[in-house]
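Q: I would like a close look at one part of this model, with the rest of the chain as background. Please keep the answer connected and give the cut-offs for the terms you use.

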Amino acid sequence: MKIGQTYKEPSVDTQKFFDGMENENPIFSFICGACQRRIRLDFWKFLDEASNWENNFCDSDLLEIKSKISFPQVSEFIKSHEGGQPYLAITVCEYCAHKHLVYVGFYEFQPARYFGTLQGVYEAIT
Ligand SMILES: [Zn+2]
């Protein structure tokens with residue numbers, strides 16, 4: 001995989017899209033970089049798919065990701081820009097099949113209360 005265009009750049013100041021409990025059904029969305037239609041994703045489902053992302057991507061993909069995205073680091077652990085855990089996965093536009101590398105920050109703020117932040121969206125060239 002190569003990362004092409006940046007559609008959304010990570011920032012410490014990014015507004016979270018979710019602040020709630022696990023019985024809620026958060027959705028987040030972004031605009032497809034190719035067809036400009038809105039892609040909506042189920043947050044819990046995305047986290048499931050992305051939870052083991054450092055094992056889901058091959059070594060060269062991880063190098064590409066980590067050279068493109070400067071994750072904040074605390075000792076040997078990488079964090080998401082807003083201070084949570086990074087979750088990354090490739091999602092495919094349901095309308096035009098354009099591929100996006102999606103980077104979300106997830107954080108258990110207090111027991112059973114969660115924050116979700118859409119940090120980055122990139123063109124994924126595979
Ligand atoms: Zn599209």
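Which residue in E4 is the bridge partner of Ser29?

A: The bridge partner of Ser29 in E4 is Arg40. The model is predicted, so local features need pLDDT of at least 70 and side-chain atom pairs count only at pLDDT 80 or more, whereas totals for chains, interfaces and linings use all residues. Residues are numbered from 1 along each chain as its sequence is written.

Strands (E, at least two residues) and helices (H or I, at least four) are DSSP runs numbered from the N terminus, and two strands pair if DSSP finds at least two bridges between them. Six residues lie between E3 and E4, and in this hairpin Gln36 takes a positive phi near 70°. Most residues other than glycine have a negative phi.

E7 and E8 run antiparallel and are joined by eight bridges, with Thr91 opposite His100 in E8. This hairpin has six residues between its strands, and here Ala97 has the positive phi, near 70°. Ala97 lies in the loop between strand E7 (85-92) and strand E8 (99-110). Ala97 counts as exposed because it has 10 C-beta neighbours inside 10 Å; exposed means 12 or fewer other C-beta atoms within 10 Å, buried means 20 or more, and partly exposed is in between, with C-beta atoms placed from the backbone. The C-alpha atoms of Ala97 and Phe57 are separated by 20 Å, the two residues being 40 apart along the chain.

Ser75 also has a positive phi, near 45°, and is not a glycine. Ser75 sits in the loop between strand E5 (73-74) and strand E6 (77-78). With 4 other C-beta atoms within 10 Å, Ser75 is exposed.

Leaving aside residues up to four places away in sequence, Tyr103 touches Pro10, Ile69, Pro86, Leu88, Gln119 and Gly120; a contact requires C-beta atoms, placed from the backbone, within 7 Å.

As background, the protein chain has three helices and nine strands, in the order β-β-β-β-α-α-α-β-β-β-β-β along the sequence. Of its 126 residues, 25% count as buried. Among contacts between residues at least 6 apart in sequence, 59% join residues at least 24 apart. The C-alpha atoms fill a box of roughly 40 × 35 × 25 Å along the principal axes. The radius of gyration is 14 Å, which agrees with the value near 14 Å for a compact globule of 126 residues; it is taken over C-alpha atoms, and the globule rule is 2.2 Å times the number of residues to the power 0.38.

Technical notes:
Contact = placed C-beta atoms within 7 Å.
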